[in-house]
Amino acid sequence: MSMQSRFSSIVHPSLVNQRLHIFGCGAIGSNVAIHSDKMGIRDFVLYDFDKVEEPNLGVTPYNLKDVGELKIDALSNILSPMANTQKVEGKIEEDTKLKIDGNSIAVLAFDNMEARLMVAKKICKAKAKLLIDGRMGAELFQMYVFPKPKLKEYKKFWYSDEDGSEEPCTAKATPWCSSLTGSFISNAISKVISGHPCPTELFFHFPSMTMDWK
């Protein structure tokens with residue numbers, strides 16, 4: 001009996017053959033990795049240069065023992081033994097070459113919009129299979145899904161850091177919102193790979209418990 005036995009008739013078996021690139025292993029990226037690992041994805045590439053700090057513990061799967069460790073190392077250790085994990089430490093620059101191809105799935109989970117755009121350009125140029133951009137405030141979640149992404153389309157939903165949320169840094173995330181990101185994004189990956197309809201835009205607002213999608 002496998003980890004996926006309870007939902008094997010729902011999740012497409014080809015997920016085991018997908019390579020998932022997660023850019024940013026904080027509140028969004030770590031939860032996406034955990035959910036995707038349980039869902040059956042076995043090939044991960046993790047990108048981050050930060051270390052786990054105590055404030056991260058409330059909104060990520062990390063534990064107290066992980067404090068001081070690189071997020072990519074801590075997350076790799078949390079994933080199941082079946083996961084094949086590549087870790088990329090350091091900031092991604094304009095001249096950084098990413099090992100992304102037409103079979104790659106990419107999730108943007110940085111807390112910096114300029115970094116998202118820079119990496120999105122590389123993902124689109126590589127003609128990746130799927131790009132998902134997850135954005136989160138304390139109690140607001142946004143998801144943008146781009147099968148066979150094109151930079152022109154991505155830019156329609158991009159905004160600068162100055163034009164983004166003005167929530168104070170101490171209220172950037174909550175455990176319920178960060179956990180939701182892993183659920184929605186991993187579900188979107190499953191839908192696209194399975195050929196099922198999937199929203200291209202989704203918004204969830206916890207204070208009013210309302211959701212909108214297109």
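Reader: Hi! Leaving aside neighbours within four places in sequence, which residues is Asn 56 in contact with?
Author: Asn 56 is in contact with Lys 51 and Lys 71, once neighbours within four places in sequence are left aside. Contact here means heavy atoms within 4.5 Å.

Reader: Before I go on, what kind of model is this?
Author: This is a predicted model, in which local features need pLDDT of at least 70 and side-chain atom pairs count only at pLDDT 80 or more, while totals for chains, interfaces and linings use all residues. Residues are numbered from 1 along each chain as its sequence is written, and side-chain values use heavy atoms, with hydrogens and water left out.

Reader: Thanks! Back to Asn 56: where is it found, and does it count as buried or exposed?
Author: Asn 56 is found in the loop between E2 and H2. Its relative accessibility is 17%, so Asn 56 counts as buried. The cut-offs are under 20% relative accessible area for buried, over 50% for exposed and partly exposed in between, with a 1.4 Å probe and protein chains only. The labels E and H stand for DSSP runs numbered from the N terminus: strands (E) have at least two residues, and helices (H or I) at least four.

Reader: And H2 itself, which of its residues are buried?
Author: Helix H2 covers residues 71–78, and its buried residues are Lys 71, Ile 72, Ala 74, Leu 75 and Ser 76. They pack against H1, E2 and E3.

Reader: Let's do the sheet. What's the strand order?
Author: The open sheet has eight strands in the order E3-E2-E1-E4-E5-E6-E7-E8, and the pairing is mixed. Two strands pair if DSSP finds at least two bridges between them.

Reader: Which strands stand at the edges?
Author: Those are E3 (84–88) and E8 (210–213); each has a single partner strand, so one side of each is left without a neighbour in the sheet. From one strand to the next, the twist averages 15°.

Reader: How do E1 and E2 run, and how many bridges join them?
Author: Strand E1 (residues 19–23) and strand E2 (residues 43–47) run parallel and are joined by five bridges. Arg 19 has Asp 43 as its bridge partner in E2, and Phe 23 has Tyr 47.

Reader: Which way do the side chains of E2 point?
Author: In a regular strand, side chains alternate between the two faces of the sheet. In E2, Asp 43, Val 45 and Tyr 47 point one way, while Phe 44 and Leu 46 point the other way. Five of the five residues of E2 are buried, so the strand is largely enclosed by the rest of the structure.

Reader: What about E5 and E6, in which sense do they pair?
Author: E5 and E6 pair in the antiparallel sense, over seven bridges, with a hairpin of three residues joining them. Asp 133 stands opposite Tyr 144 in E6. On its pairing with E7, E6 also runs antiparallel, with five bridges, and there Leu 140 stands opposite His 205. E6 is mostly covered, as six of its eight residues are buried.

Reader: Switching to helices: which strands does H5 lie across?
Author: Helix H5 (residues 175–194) lies across E1, E4, E5, E6 (140–147), E7 (201–205) and E8, and runs at about 20° to E6. Axes are lines fitted to C-alpha atoms, for helices over the stretch in contact, and angles run from 0 to 180 degrees between N-to-C directions.

Reader: At what angle do H1 and H5 cross?
Author: Their axes cross at roughly 50° and come within 8 Å. H1 and H5 are therefore oblique to each other; angles under 35 degrees count as roughly parallel, over 145 as roughly antiparallel, 65 to 115 as roughly perpendicular and the rest as oblique. The crossing is right-handed, meaning that the near helix is turned clockwise from the far one by less than a right angle.

Reader: Who makes the contact?
Author: Among the residues are Ala 27, Ile 28 and Asn 31 of H1 and Ser 178, Ser 179 and Thr 181 of H5. The contact residues divide into six nonpolar, 10 polar and no charged. Ala, Val, Leu, Ile, Met, Phe, Trp, Tyr, Cys and Pro count as nonpolar, Asp, Glu, Lys and Arg as charged, and the others, Gly among them, as polar.

Reader: Last one: how far apart are Pro 175 and Ala 27?
Author: They are 148 residues apart in sequence and 8.5 Å apart in space, C-alpha to C-alpha. Pro 175 is found in helix H5 and is partly exposed, at a relative accessible area of 41%.
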